[in-house]
Amino acid sequence: MGKASKLYNSLTHQQKQFYQEKTLSTTMKIKAWISFLSRVSSLDKLEDDMTAILMRWAIASFVVAFVSIIAAAVSEIGWILFGTLLLVIVGIVLLIRRKKLKQKDVNNYLRLFFLPILNVLKDKAGDDAKLSASLDFRNPRKVLEPVKSTIGVRKQKLYSPTYIISKVPLTDDTLLEFAVKDDIKDLRWTKRSASGKTKYKSKTKFVHQCFIKMTLPKKEYTWNGTEAPGVQIIDHNDQYVAKVKVKIKKVGDHVLHVKAFFDAIQSVYGQFQPLNPTTNAPTSKDESVEYEDVFMAVPYVWYGGYFDRYDYDSFDHSDTGEVMMDDDATNVFDS
């Protein structure tokens with residue numbers, strides 16, 4: 001708790017504003033994006049861990065309280081009930097504290113998807129490349145009105161949040177644009193057993209979706225004339241416009257894996273041949289690396305004319321705490 005409080009106090013005013021509002025629409029250099037988001041992501045990771053710990057301790061308190069009730073009944077020692085009451089109070093306090101932390105939660109698409117991609121793009125586009133992004137990492141069930149429907153005996157609430165809309169020019173003059181959204185389906189229904197008991201059932205299904213558009217210049221690439229499954233390519237004047245959609249269904253609260261994102265980019269580059277291929281691709285790393293907090297292993301795609309090899313990249317960077325906004329662009333903090 002103290003570590004999280006200290007980290008929050010170290011945030012700049014703009015970082016605190018983003019942490020509280022969880023939305024942002026602006027243009028910054030990639031290195032500024034990483035510097036701006038990393039501490040917020042670290043704080044969110046700490047509070048996610050605390051949320052899980054508080055739940056475990058609350059459950060433990062209620063379990064011990066239940067056992068103590070049985071012990072008091074068997075031993076007929078009345079003072080044990082005072083300990084039972086104290087444990088129940090502790091459990092309730094822990095759940096209240098957990099609920100307050102959950103209200104501060106930043107969607108995991110920041111920590112597990114957008115930041116890993118930024119740390120790859122800093123090499124694919126360059127630290128100083130300007131990336132435009134509109135982010136919304138709020139809890140969709142709190143801010144969106146669901147579309148309600150009935151499927152058979154099941155009542156469904158559908159939420160369709162869009163977390164990320166972004167674009168950035170890469171070092172090969174390709175313009176990369178992508179959007180990430182989910183369809184969240186909350187299902188509720190009742191089921192009557194053979195004994196006549198009514199059971200209430202629930203399930204949540206996620207459909208992760210990513211839309212990718214890449215505009216490749218003809219001065220850098222030639223198209224082989226074919227289209228990979230799921231890839232649409234349009235020959236337009238002096239450019240090739242490639243579109244691909246990622247759609248993955250999951251049961252449970254997850255985020256789209258970054259590997260699926262880079263696999264889609266690979267499927268586009270696989271249809272082209274570079275006219276000016278590079279010959280100084282970095283050497284691949286074979287050893288596994290463990291990361292703490294927001295530092296996690298993510299698929300890394302080297303650019304060697306096109307993306308053809310995976311590796312892993314750490315998130316090491318110099319975080320000065322400065323926020324470098326695009327000077328010639330209006331951003332969310334101007335209002």
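## A pair of strands

D235 stands opposite Y240 in strand β10. Strands here are DSSP runs of E with at least two residues, and helices are DSSP runs of H or I with at least four, both numbered from the N terminus. The model is predicted: local features need pLDDT of at least 70, side-chain atom pairs count only at pLDDT 80 or more, and totals for chains, interfaces and linings use all residues. Residues are numbered from 1 along each chain as its sequence is written, and side-chain values use heavy atoms, with hydrogens and water left out.

Strands β9 and β10 run antiparallel and are joined by 6 bridges. Two strands pair if DSSP finds at least two bridges between them. The β9 and β10 hairpin has 2 residues between its strands. In this hairpin, N237 takes a positive phi near 50°. Strand β10 (residues 239-251) also pairs with β7 (residues 198-217). That pairing is antiparallel too, over 13 bridges. Within it, Q209 has K247 of β10 as its bridge partner. In a regular strand, side chains alternate between the two faces of the sheet.

## D235 and K218

A salt bridge is a side-chain nitrogen of Lys or Arg within 4 Å of a carboxyl oxygen of Asp or Glu. D235 lies in strand β9 and K218 in the loop between β7 and β8, so the pair ties together parts that are 17 residues apart in sequence.

D235 counts as partly exposed, at 44% relative accessibility. K218 also counts as partly exposed, at 27%. Buried means under 20% relative accessible area, exposed means over 50%, and partly exposed lies in between (1.4 Å probe, protein chains only).

G230 sits in the loop between β8 (221-223) and β9 (231-236). G230 is exposed, with a relative accessible area of 59%. Leaving out residues up to four places away in sequence, G230 touches K243, V244 and K245. A contact means heavy atoms within 4.5 Å. G230 and K245 are 15 residues apart in sequence, yet their C-alpha atoms are 6.9 Å apart in space.

## More salt bridges

The structure holds 10 salt bridges. One of them joins the side chains of D128 and K31, at 2.9 Å from N to O. D128 lies in the loop between α5 (109-124) and β2 (130-136), and K31 lies in helix α3, so this pair ties together parts 97 residues apart in sequence. D128 is partly exposed at 45% relative accessibility. K31 is partly exposed at 34%.

K45 and D49 also meet in a salt bridge, at 3.0 Å from N to O. They are 4 residues apart in helix α3, which means about one helical turn separates them. K45 is buried, with a relative accessible area of 19%. D49 is partly exposed, at 33%.

## A nonpolar patch

Helix α3 (residues 30-75) also holds I59. I59 is partly exposed, with a relative accessible area of 46%. I59, V63, F66, V67, I70 and V74 form a nonpolar surface patch with about 590 Å² of accessible area together. Patches are made of residues with over 30% relative accessible area and no salt bridge; like charges are joined within 9 Å, and nonpolar side chains (Val, Leu, Ile, Met, Phe, Trp, Tyr) within 5 Å.

## Aromatic rings

The whole structure has 13 aromatic pairs. The ring centres of Y221 and Y269 are 5.8 Å apart and the planes stand at 55°, so this pair is tilted. Y221 is in strand β8 and Y269 in helix α7 (residues 258-269), 48 residues apart. Both Y221 and Y269 are buried. Rings of Phe, Tyr and Trp (its six-membered ring) pair if their centres lie within 6.5 Å; planes under 30 degrees apart count as stacked, over 60 as edge-to-face and the rest as tilted.

Y109, F113, Y163, F178, F261 and F262 form one aromatic cluster.

## The whole chain

The protein chain has 7 helices and 13 strands. Buried residues make up 41% of its 335 residues. Among contacts with a separation of 6 or more, 72% join residues 24 or more positions apart. The accessible surface comes to about 18,400 Å², and 54% of that belongs to carbon and sulfur atoms. Accessible areas come from the Shrake-Rupley method with a 1.4 Å probe; for residues, only the protein chains shown count as cover.
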